[in-house]
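Subject: Structure handover

Hello,

Here is the structure we talked about. Please open it next to this message; my notes follow below.

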Number of protein chains: 2
Amino acid sequence: MPRPGPILIYSIYQSDLVRFQRLLAGALPDVAIACASTPEVAASHLDDAVILYGWGFPSDMLEQMPKLRWLQKMGAGVDDILQHWRCGRQVLLTRTDGALIAPRMVEYVLGAILDKSMRFDTARRQQDRRHWNYFEVGTIRGLTVGVAGLGAIGSMIAKALRALGARVVGWRRSPKHCALVDELFCGRDALAHFVAACDVIVLALPLTDETRKLFAGDLLSRCRPGAHVINVGRGGLIDESALADAIRKRVVGHATLDVLATEPLPPDHPFWDNPHITITPHVCGPLVPEDVVPHFLANYEAFASGRPLMNIIDIARQY
Amino acid sequence: MPRPGPILIYSIYQSDLVRFQRLLAGALPDVAIACASTPEVAASHLDDAVILYGWGFPSDMLEQMPKLRWLQKMGAGVDDILQHWRCGRQVLLTRTDGALIAPRMVEYVLGAILDKSMRFDTARRQQDRRHWNYFEVGTIRGLTVGVAGLGAIGSMIAKALRALGARVVGWRRSPKHCALVDELFCGRDALAHFVAACDVIVLALPLTDETRKLFAGDLLSRCRPGAHVINVGRGGLIDESALADAIRKRVVGHATLDVLATEPLPPDHPFWDNPHITITPHVCGPLVPEDVVPHFLANYEAFASGRPLMNIIDIARQY
């Protein structure tokens, strides 16, 4: 029986594409594999491709792929694809397992917390002035860190912070136990109590109709004065003008944002020169080809042999 | 029997002094307690003080304390005191247990590593220019981190880094097993092999005649190109001009220094404006009064009842 294919690999990052192609071609020598980083390059492969492994493609591209049977998203979030999903059940949608990305996301969150608590900005300013003046630094052991979203990613973040001595509280939609947190808040009604309990709030939620702009003015106003908001989930989780407002009122002390409602963040966006906002260009939880390709290949073998795939998206639940 | 005293508390930081005094006075209401942050203020207490709990005092102050029987150093290092130690055996010398300071030192080391691997400097530069451009960040899981010195502090640093997925190698003077590292190097002869194995080298050694300027030109030249040197031990461990030279040759990629041979670092020191050196003003492992006073009080009770004290300095070994 012929192996399923062709596979179209799509990533807007050329350098990643080369690595994805090399890894897939090495593992699947008998399967046709095409690569694209733009719609123009993809165009000639859309008629034939049965499998799409990618991210960053225009949402209407899928409608031009008559033979598509399986789409594995590069990345843990599929909100961008589901917004325009018209494929129905004949196309299987899977995503990258959050557990593969989680260790690097843990490091980003730790880095963001330590950058503030170690007051490296103060040290840099003093160094610029050749000025030695002792200051007391904070400690993770003195913080209550809230993790909103306790999937594979949020769970690993909670675990790492607790191991370093933080008090960790969690929020999740459904009342499902989580042994990794000191206190668990469940459901929309508990969200205000959750944010009020936190010195640091880490957003690790998927973007769905339920979570879109979940962190709006009413909720942000309930933060502990000076709270540090770290978003590693999706930009759309936050109402950006409400966040700017909460920062202006010093309810939110600092925001470290790796994801934004519009990416790339436009040059005229007011967040850029807000000294209380740190912007990183979606670098956290990167899709490092070497890290994630084995998971795709395992799913490929399941697809080829008709077994159930891992990380299938529940279209109704949106993640 | 009267309780031993008076106690003189000495710290150059006035704000700490207030907290030390409050904590000691609360626990030892029947003991005379004096405080000083300068030699002038200390002068009137030197004749009577039996116990000195402090740091930052002039080394010759001890010679003017005829009744001194016990000195507990605020801090884990006693090199500054031992350099001029003329008290002999009639004065007991103890230090702060490194385990009390270690958790905060772990955070500093993690912060220093993540500040580089997360490329927060690149993010800041891009933010200044309102420029969104993806870059791949590093990961602790890809690093070999070497910890030189596996006492209470070095051990906790090794443990935390290993938990985050780093390969951790250790160096210590004596051939004593350490289960916390993936590979252990022992003794002076193994030091060059140790540094050659590391992407990040963390110095957590005491300063003794043996370790003074241990990290000199011959050793630094054996570093992996681009190595990150983090010094949380003592400034005197490093030959500073050799370090500048190794940075110039790009053998050492970056140095994060919380301790320096001369503190405060003089305004004309060439390290200040070296872009490959991060200077912090000895903020790591701070003597937070609330963290360390219980240890002093436990030692006080031992001293009062003639039991052995904790963390006694071996004058011959120098730590």
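In chain B, an open sheet of seven strands has the order S8-S7-S6-S9-S10-S11-S12, with parallel pairing. (Helices, H or I of at least four residues, and strands, E of at least two, are DSSP runs numbered from the N terminus; two strands pair if DSSP finds at least two bridges between them.) The edges are strand S8 (183-186) and strand S12 (277-279) of chain B; each has a single partner strand, so one side of each has no neighbour in the sheet. Direction ignored, neighbouring strands are turned by 15° against each other on average.

This is a predicted model: local features need pLDDT of at least 70, side-chain atom pairs count only at pLDDT 80 or more, and totals for chains, interfaces and linings use all residues. Residues are numbered from 1 along each chain as its sequence is written, chains are lettered from A and ligands numbered from 1 in the order in which they are written, and side-chain values use heavy atoms, leaving out hydrogens and water.

Back to the sheet. Strand S7 (residues 167-172) of chain B runs parallel to S8(B), and four bridges join them. B:Gly170 stands opposite B:Leu184 in S8(B). Helix H6 (residues 152-163) of chain B packs on the sheet and touches strand S6 (144-148), S7 and strand S9 (200-203) of chain B. Its direction makes about 170° with that of S6(B). (Contact means heavy atoms within 4.5 Å; axes are lines fitted to C-alpha atoms, for helices over the stretch in contact, with angles from 0 to 180 degrees between N-to-C directions.)

Now H6 in chain A. Its buried residues include A:Ile153, A:Ile157 and A:Leu161. (Buried is under 20% relative accessible area, exposed over 50%, partly exposed in between, with a 1.4 Å probe and protein chains only.) The buried residues of H6(A) pack against helix H4 (98-117), strand S6 (144-148), strand S7 (167-172) and strand S9 (200-203) of chain A. Just after H6(A), A:Gly165 takes a positive phi of about 100°.

On cysteines: the whole structure has zero disulfides over all chains (a disulfide is a pair of cysteine sulfur atoms within 2.5 Å). A:Cys35 counts as buried because its relative accessibility is 16%. A:Cys87 is buried too, at 9%.

Last, the two copies. A rotation of 180° with 0.0 Å of shift along its axis superposes chain B on chain A, RMSD 0.0 Å. (Superposition is by least squares on the C-alpha atoms of residues with pLDDT of at least 70 in both.) The copies are therefore related as by a two-fold rotation axis.

Best wishes
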